[in-house]
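I list below what I looked up, in the order I looked it up.

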Amino acid sequence: EDISWTTVFYNTTDQPHGASSFLEVLPYHGDGRGTVLAKPLSDVRVRLVAPEPAAARAGETAPTAVRVFATDTPPATIPNDVSSPAHVDGTVRWCQIYPATGTDPCLTGEITALRYDLDALPADFIGQARVTAATS
């Protein structure tokens with residue numbers, strides 16, 4: 001059975017910000033958020049909903065570039081702070097999954113967390129990703 005949710009990342013201020021990252025550790029059994037799963041999530045899929053990919057809007061480009069990265073690092077060991085050294089020293093290994101890089105996937109296990117990187121975070125920006133995963 002599949003479950004789905006929408007992840008929203010935004011800037012509600014009237015001030016633009018520079019490069020920004022948002023981290024999402026996926027639900028796992030015993031995660032402290034009340035998650036109860038018989039098996040870990042599998043077959044995780046991510047679809048960027050907003051801003052719309054540039055190809056979806058004829059003649060337009062997306063207002064900001066969004067790249068999605070994934071890791072298969074055990075979720076309980078992933079720091080929630082995107083500025084943690086673990087995210088840059090290789091302790092948590094991130095693999096770009098959107099847009100596809102055309103290289104061999106670097107993940108060897110199931111996706112446990114997602115990171116959304118933006119080149120810039122414009123004022124009043126709203127980004128959304130639809131995440132779907134199998135529970136069995």
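I began with the exposure of Cys106, and its relative accessibility came out at 27%. Since buried means under 20% and exposed over 50%, Cys106 counts as partly exposed. The model is a predicted one, so I note these values as computed.

Next I checked Cys95, which has a relative accessible area of 5% and is buried.

I then looked up how the two residues are linked. A disulfide joins Cys95 to Cys106, with an S to S distance of 1.5 Å. The structure holds 1 disulfide. I placed both ends: Cys95 lies in strand S5 (residues 95-98), whereas Cys106 sits in the loop between S5 and strand S6 (113-118), so the bond ties together parts that are 11 residues apart in sequence.

What is the handedness of the disulfide of Cys95 and Cys106? I read a torsion of about -135° about the S-S bond, so the disulfide is left-handed.

I found an open sheet of 3 strands in the order S1-S7-S3, and the pairing is antiparallel. Strand S1 (2-10) and strand S3 (42-50) are at the edges with a single partner strand each, so one side of each has no neighbour in the sheet. On average, neighbouring strands of this sheet are turned by 20° against each other, direction ignored.

Last, I looked at the pairing of S3 with strand S7 (residues 126-134). The two run antiparallel and are joined by 6 bridges. I also noted which residue stands opposite Leu48: that is Ala129 in S7.

Note on methods: Residues numbered from 1 in each chain as written. Predicted model: local features only at pLDDT ≥ 70, side-chain atom pairs only at ≥ 80, totals over all residues. Heavy atoms only, no water. Pairing = 2+ DSSP bridges. Helix = DSSP H or I, 4+ residues; strand = E, 2+ residues; numbered from the N terminus. Axes fitted to C-alpha atoms, helices over the stretch in contact; angles between N-to-C directions. Disulfide = S-S within 2.5 Å. Buried < 20%, exposed > 50% of the residue type's maximum accessible area, 1.4 Å probe, protein only.
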